[in-house]
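Here is a short briefing to read with the model open beside you.

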Amino acid sequence: MLPQRLYITCHGLGHPAADIEPDARRFWLPADLFRHTLDVAQVLERDTGISVQFTFDDGNLSDHTVALPLLRAHNRRALFFVCAERIGRPGFLDRARLREMVAAGMTIGCHGHRHVSWRTLSDAALASELSSARRAISEVTGQPVVLASAPFGELDQRVVRAAMAEGFRCLFSSSGGFATAQTGLIPRNTLKSDFEPGRDLPRMAGLPQRAWAGVYDTARRMKYRFT
Ligand SMILES: [Zn+2]
């Protein structure tokens, strides 16, 4: 059977705050474009039977101010990956907003403690980064944190092993394509500011992508020695 689940990665919505790094700005989408994306996803799901799952990285304040009302209006739940150190900083989600999002049925996952590539950390620093972030986020949300997404999508065998050893059930990447399982390594499709929902979403969800998902999954498992 062909895979059903297409994960989408969003970052900030609306106008990027002044202190958002220049490199991160190309991942921000206008709010209207995200609203249109939700509409297109709804039609796609109805016509094809697939499920489009939205995820958000970085813990930007717009997760709450822009994404949450739009998701609620579309009766959708989503996954939000936040960095523990950023909670409560200007431009990012704070504790009260995170709790409100959990109460609204959203799932909060881990994007690390700081926003650094996990590949660059020593074994000890990586283990500490993952466990301190997981504990801090769980303390805010009151929920176990079992989902993680790697900053910059940067993975290697050691990072995958460390995340699984820390107890994460899913590690989300940015490698594109369909998810063949609901645990382990989960590929996502990243939206950039030049994204056109009517053109690009059906392409991401196309039959070739679904047909090849199993092959890509096997290749990923071999690459990261993930069983
Ligand atoms: Zn990030």
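Two strands pair if DSSP finds at least two bridges between them. Helices (H or I, at least four residues) and strands (E, at least two) are DSSP runs, numbered from the N terminus. This is a predicted model, in which local features need pLDDT of at least 70 and side-chain atom pairs count only at pLDDT 80 or more, while totals for chains, interfaces and linings use all residues. Residues are numbered from 1 along each chain as its sequence is written.

- Strand β2 (residues 51–57) and β3 run parallel and are joined by three bridges; Thr55 sits opposite Leu79 in β3.
- Between β2 and β3 the chain passes through helix α3 (residues 62–73), and this β-α-β crossover is right-handed. A crossover is right-handed if, with the strands pointing away from the viewer, the path from the first strand over the helix to the second runs clockwise.
- Strand β4 (residues 107–110) also pairs with β3, in the parallel sense and over four bridges. Here Val82 stands opposite Cys110 in β4.
- A residue is buried if 20 or more other C-beta atoms lie within 10 Å of its own, exposed if 12 or fewer, and partly exposed in between, with C-beta atoms placed from the backbone.

**Helix packing**

- The axes of helix α2 (residues 31–48) and helix α7 (residues 197–204) come within 10 Å and cross at roughly 45°, which makes α2 oblique to α7. Axes are lines fitted to C-alpha atoms, for helices over the stretch in contact, and angles run from 0 to 180 degrees between N-to-C directions. Angles under 35 degrees count as roughly parallel, over 145 as roughly antiparallel, 65 to 115 as roughly perpendicular and the rest as oblique.
- α2 passes α7 in a right-handed crossing. A crossing is left-handed if the near helix is turned anticlockwise from the far one by less than a right angle, and right-handed if clockwise.
- From α2, His36, Thr37, Val40, Ala41 and Leu44 meet Pro197, Gly198, Leu201 and Pro202 of α7. Two residues are in contact if their C-beta atoms, placed from the backbone, lie within 7 Å.
- Helix α5 (residues 123–141) packs with α6 at an angle of about 40°, their axes 10 Å apart, so α5 is oblique to α6. α5 passes α6 in a right-handed crossing.
- That contact is made by Leu126, Ala127, Leu130, Ser131 and Arg134 of α5 with Val159, Ala162, Ala163 and Glu166 of α6.

**Loop residues worth a look**

- Ala84 lies in the loop between β3 and α4 and is buried, because 22 C-beta neighbours are inside 10 Å.
- Leaving aside residues up to four places away in sequence, Ala84 touches His113, Ser132, Ala133, Ala136 and Ile137. Ala84 and Glu129 are 45 residues apart in sequence and 9.7 Å apart in space, C-alpha to C-alpha.
- Asn75, in the loop between α3 and β3, is a residue other than glycine with a positive phi, near 55°. Asn75 is exposed, with 9 other C-beta atoms within 10 Å.
- Phe152, in the loop between β5 (147–149) and α6 (157–166), is a residue other than glycine with a positive phi, near 65°. Phe152 is partly exposed, with 14 other C-beta atoms within 10 Å.
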